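Me: I've just opened this one and I'm new to it. Could you walk me through the terms as we go?

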Amino acid sequence: MSTTTVTKDKVEATSKKSKAPAGDAGVENLGPAFDPFAPVNDTPAIEKAVGSKNDKIHIRLQQRNGRKTLTTIQGIDKKFNLTKIVKAMKTKFACNGTVVKAEEANGEDDSPAPAGVKANHGDVIQLQGDQRIAAKQFLIDMGIVSAKEAKDLIVIHGY
């Protein structure tokens, strides 16, 4: 019987706890409601706001075989000539590099493109070795991304 009284005490103790106020004062600023079962055409306003202005530049490190690595840079605006950027990076970093076109990456299974490259993500710059920090600094120095925007726009994966 002692266990039943202990459980009754616990139940009584939990039923006497005060509840949070019923007002939804903190719920106002969460944004529009999102229905996961809604049709695809009915997207929330937050997802519609994402565009080329809010795209980020992703710098990733890919492991090849052994100690060999590839640095991939994805998301640079289409108004820049990627082949000229790669040429300048190759001379500055003393490494080899290439531009992988998005159309080529979709058609081939044995493509050297990073996993998950699709046509809507644009072309990808590949550099030999771990050039993540140097590539970020290069993008800032060359004026592709301003120093203020670099903190928000450039995402370095793996650090």
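**Getting to know the model**

Reply: Read along the sequence, the protein runs α-α-β-β-α-β-α-β-α-α-β, which gives 6 helices and 5 strands. Helices (H or I, at least four residues) and strands (E, at least two) are DSSP runs, numbered from the N terminus. Residues are numbered from 1 along each chain as its sequence is written. This is a predicted model, where local features need pLDDT of at least 70 and side-chain atom pairs count only at pLDDT 80 or more, while totals for chains, interfaces and linings use all residues, and side-chain values use heavy atoms, with hydrogens and water left out.

Me: What is the average pLDDT of the protein?

Reply: pLDDT is the predictor's confidence in each residue, from 0 to 100. The protein averages 75, and 58% of the residues score at least 70. Over residues 1-5 the pLDDT is below 50, and that stretch has 0 contacts (heavy atoms within 4.5 Å) beyond near neighbours in sequence. Residues 42-53 also stay under 50, with 7 contacts beyond four places in sequence.

Me: Why is Thr-69 called buried?

Reply: Buried means under 20% relative accessible area, exposed over 50%, and partly exposed in between (1.4 Å probe, protein chains only). Thr-69 has 16%, so it counts as buried. Buried residues make up 25% of the 159 residues in the protein.

Me: Where does Thr-69 sit, and which residues is Thr-69 in contact with, leaving aside neighbours within four places in sequence?

Reply: Thr-69 belongs to strand β2, residues 69-74. Its contacts include Leu-61, Arg-64, Leu-127 and Asp-130. With Asp-130, the side chain of Thr-69 reaches the backbone nitrogen at 3.5 Å.

Me: What puts the buried residues of α5 on the same side?

Reply: In helix α5 (residues 132-141), the buried residues are Arg-132, Ala-135, Phe-138 and Leu-139. They cover an arc of only 125° around the axis, so they lie on the same side of α5. The arc is that of the directions from the helix axis to the C-beta atoms.

Me: Which elements do the buried residues of α5 pack against?

Reply: They pack against β1 (57-63), β2, α3 (82-93) and β5 (154-156). Just after α5, Gly-143 takes a positive phi of about 85°.

Me: How many of the contacts between residues at least 6 apart in sequence join residues at least 24 apart?

Reply: That share is 60% in this protein.

Definitions and conventions
Polar contact = N/O pair within 3.5 Å; in protein donor to acceptor, adjacent residues only side chain to side chain.
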